[in-house]
Amino acid sequence: MDLQRICALAGWEESRLLYLDETQSTNDIAKKIAREGAAHGTAVLASRQTAGRGRLGRSFLSPEGGIYLSLILRPQFTAEELLPLTALLAAAAADAVAEVAGIRPQTKWVNDLVLDHKKLAGILTEPAFSHNGSLDFVVCGIGLNCNTDPDSFAPEVQALATSLKAVTGKAQDTQALVASLLRHLPRVCLPEEKQTLMDAYRKHSATLGQPVKVLAETLYTGLAEEIDDSGALLVRDEGGNLRRIQTGEVSVRGLYGYV
Ligand code: BTN
């Protein structure tokens, strides 16, 4: 991995990019060094993870060819400002992919990037709070199937996941994509960028307007009607009630094999 090139392309200080060939989870390393005082804008990058983690306690398969990146941010966010963070990061990551690969992924609520009806990337945000309850730091982890060979996914994952290389038919410039992610992801901290990112998140949503199955406190089906500025999904259930979901799992008809 040519870290010098990544940092030159991103305008990033080399001391703020830590690279590991293989690690358990870049989010875990980032949390550890953040607790030890790592500065805002420190990133951890790996070529493989042996215990990559996803939302809702799931594992995230992390074979060679993917980008596994965790960014430490220390914004002075209130609890309300934290709510839309994952969606804003997804929109920023989609901008980075579009810039480098010339193809813009859609977003699947709340934290996935989607191409060809399959998962291209997932985002895991993990906040940590100070004793007084204020936000200390948040680790923003993204796993992006860049040049991943679909054969290296487990058989049950192959039907659900894809990579940029598989979709575009050519190997992508991994370092340019990491650099682009490093430039775009910190935009989530800029007040003037938030509305732009949230509007892009809605505009390129693969969830809005679709029939969905929601697994939150209960399981129900409905129509995804809206995503509000806090990133919550508003679903009209079969009984005509509008239900607001801030966290939980949503299957979208037509994606990942849900029919
Ligand atoms: C999801 O799909 O639910 C989120 C997946 C997030 C995976 C990334 S890979 C880099 C970072 N390290 C982890 O262990 N998880 C995140």
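Which residues point one way from strand β5, and which the other way? Asp112 and Val114 point one way, Leu113 and Leu115 the other way, and all are buried. Buried here means under 20% relative accessible area, with a 1.4 Å probe and protein chains only.

## Basis of the model

This is a predicted model, in which local features need pLDDT of at least 70 and side-chain atom pairs count only at pLDDT 80 or more, while totals for chains, interfaces and linings use all residues. Residues are numbered from 1 along each chain as its sequence is written, and side-chain values use heavy atoms, with hydrogens and water left out.

## Strand β5 and its partners

Strand β5 covers residues 112-115. Strands are DSSP runs of E with at least two residues, and helices are runs of H or I with at least four; both are numbered from the N terminus. Strand β4, residues 106-108, pairs with β5 in the antiparallel sense over three bridges. Two strands pair if DSSP finds at least two bridges between them. Glutamine 106 has valine 114 of β5 as its bridge partner. Three residues lie between β4 and β5, and the two strands form a hairpin.

Strand β6, residues 118-129, also pairs with β5. The sense is antiparallel, over four bridges. Leucine 115 has lysine 118 of β6 as its bridge partner. β5 and β6 form a hairpin with two residues between them. In that turn, aspartate 116 has a positive phi of about 55°.

## Serine 205

Serine 205 sits in the loop between α8 (191-203) and β8 (211-215). It counts as buried because its relative accessibility is 11%. A polar atom of its side chain lies 3.0 Å from the backbone nitrogen of leucine 208.

Beyond its neighbours within four places in sequence, serine 205 is in contact with Gln106, Thr107 and Ile227. Contact means heavy atoms within 4.5 Å.

## The ligand site

The ligand is surrounded by 21 residues. The closest are Ser25, Gln49, Arg53, Arg55 and Lys119.

An N or O atom in the side chain of glutamine 49 is 2.9 Å from a ligand nitrogen. A polar backbone atom of asparagine 27 is 3.5 Å from a nitrogen atom of the ligand. For lysine 119, an N or O atom in the side chain is 2.5 Å from a ligand oxygen. On its own, the ligand has 420 Å² of accessible area, and the protein covers 97% of it. Accessible areas come from the Shrake-Rupley method with a 1.4 Å probe.

Conventions:
Buried means under 20% relative accessible area, exposed over 50%, partly exposed in between (1.4 Å probe, protein chains only). A polar contact is a pair of N or O atoms within 3.5 Å; within protein, one must be able to donate a hydrogen and the other to accept it, and residues adjacent in sequence count only if both atoms are side-chain atoms. A residue is near a molecule or strand if one of its heavy atoms lies within 4 Å of it.
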